Amino acid sequence: MLYGKNFTKALEVVDNGGIMCFVGERTGRTLYKVPGRRPADQYLVFPAHFCSCQSFQFDVVGRSEAVCCKHQLAARLATVLNRLAVVKTCDIALARMLLEQCDD
């Protein structure tokens, strides 16, 4: 299977809800926030390119053992299944979300 164990885990994330898609009003750029296992965990996701979780860093980038992490796949599935909240926001707010990630 292309996505292996991440497919089942991604479906669980979608089923649990809480995925948010932020859309820049002027540019149309999108940034997703996908919940993790613990309520405090929220990961920033660009579905085709990046996730702020450790699995992305180790399994996808470091060891090339996976095509994507469960959060990236969950963002894609939630979009297709329309199981997410879409929030229009200013592009400055998107930039701030990314900058906050750099502080962690």
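This is a predicted model: local features need pLDDT of at least 70, side-chain atom pairs count only at pLDDT 80 or more; totals for chains, interfaces and linings use all residues.
**Entry 1. Conventions**

I take helices (H or I, at least four residues) and strands (E, at least two) as DSSP runs, numbered from the N terminus. I number residues from 1 along each chain as its sequence is written, and side-chain values use heavy atoms, with hydrogens and water left out.

**Entry 2. The loop after α2**

I looked up Ser64, which lies in the loop between α2 and α3. Ser64 follows α2 and has a positive phi, near 50°. I note that this positive value occurs in a residue other than glycine. Is Ser64 buried or exposed? I apply the rule that buried means under 20% relative accessible area, exposed over 50%, and partly exposed in between (1.4 Å probe, protein chains only). At 59% relative accessibility, Ser64 is exposed.

I then turned to Asn82, in the loop between α3 and β5. The phi of Asn82 is near 55°, again positive in a residue other than glycine. Its relative accessible area of 61% makes Asn82 exposed.

**Entry 3. The sheet**

I count two strands as paired if DSSP finds at least two bridges between them. On that basis I find an open sheet of 5 strands with mixed pairing, in the order β4-β3-β2-β1-β5. The edge positions belong to β4 (50-51) and β5 (85-89); each has a single partner strand, so one side of each is left without a neighbour in the sheet.

I went through several of the pairings in turn. Strand β1 (residues 20-24) runs parallel to β5, and 5 bridges join them. Within this pairing, Val23 has Lys88 of β5 as its bridge partner. Strand β2 (residues 30-35) and strand β3 (residues 42-46) run antiparallel and are joined by 4 bridges. There I found Pro35 bridged to Gln42 of β3. β2 and β3 make a hairpin with 6 residues between them.

β3 also pairs with β4, antiparallel, through 2 bridges. Val45 stands opposite Cys51 in β4. The hairpin of β3 and β4 has 3 residues between its strands.

In helix α2 (residues 54-62), I listed the buried residues as Phe56, Asp59 and Val60. These residues cover an arc of only 105° around the axis, which puts them on the same side of α2; the arc is that of the directions from the helix axis to the C-beta atoms. On the other side of α2, I found Gln54, Phe58 and Gly62 exposed. I asked next what covers the buried residues of α2. Counting contact as heavy atoms within 4.5 Å, I find that the cover includes β4 and α3 (70-81).

For aromatic rings, I pair those of Phe, Tyr and Trp (its six-membered ring) if their centres lie within 6.5 Å; planes under 30 degrees apart count as stacked, over 60 as edge-to-face and the rest as tilted. The rule gives 1 aromatic pair. The rings of Phe50 and Phe56 have centres 5.6 Å apart and planes at 75°, so I record the pair as edge-to-face. Phe56 is buried, with a relative accessible area of 7%, whereas Phe50, at 28%, is partly exposed.

**Entry 4. Helix α4**

Which residues of α4 are buried? I list Asp91, Ala93, Leu94 and Met97. The buried residues of α4 pack against β1, β2, β3 and β5.

**Entry 5. Cysteines**

I searched for disulfides, meaning pairs of cysteine sulfur atoms within 2.5 Å, and the count is 0. Cys21 is in no disulfide, and its nearest cysteine sulfur, that of Cys51, is 14 Å away. Cys21 is buried, with a relative accessible area of 5%. For Cys102, the closest cysteine sulfur is again in Cys51, at 14 Å, too far for a bond. Cys102 is exposed, with a relative accessible area of 63%.
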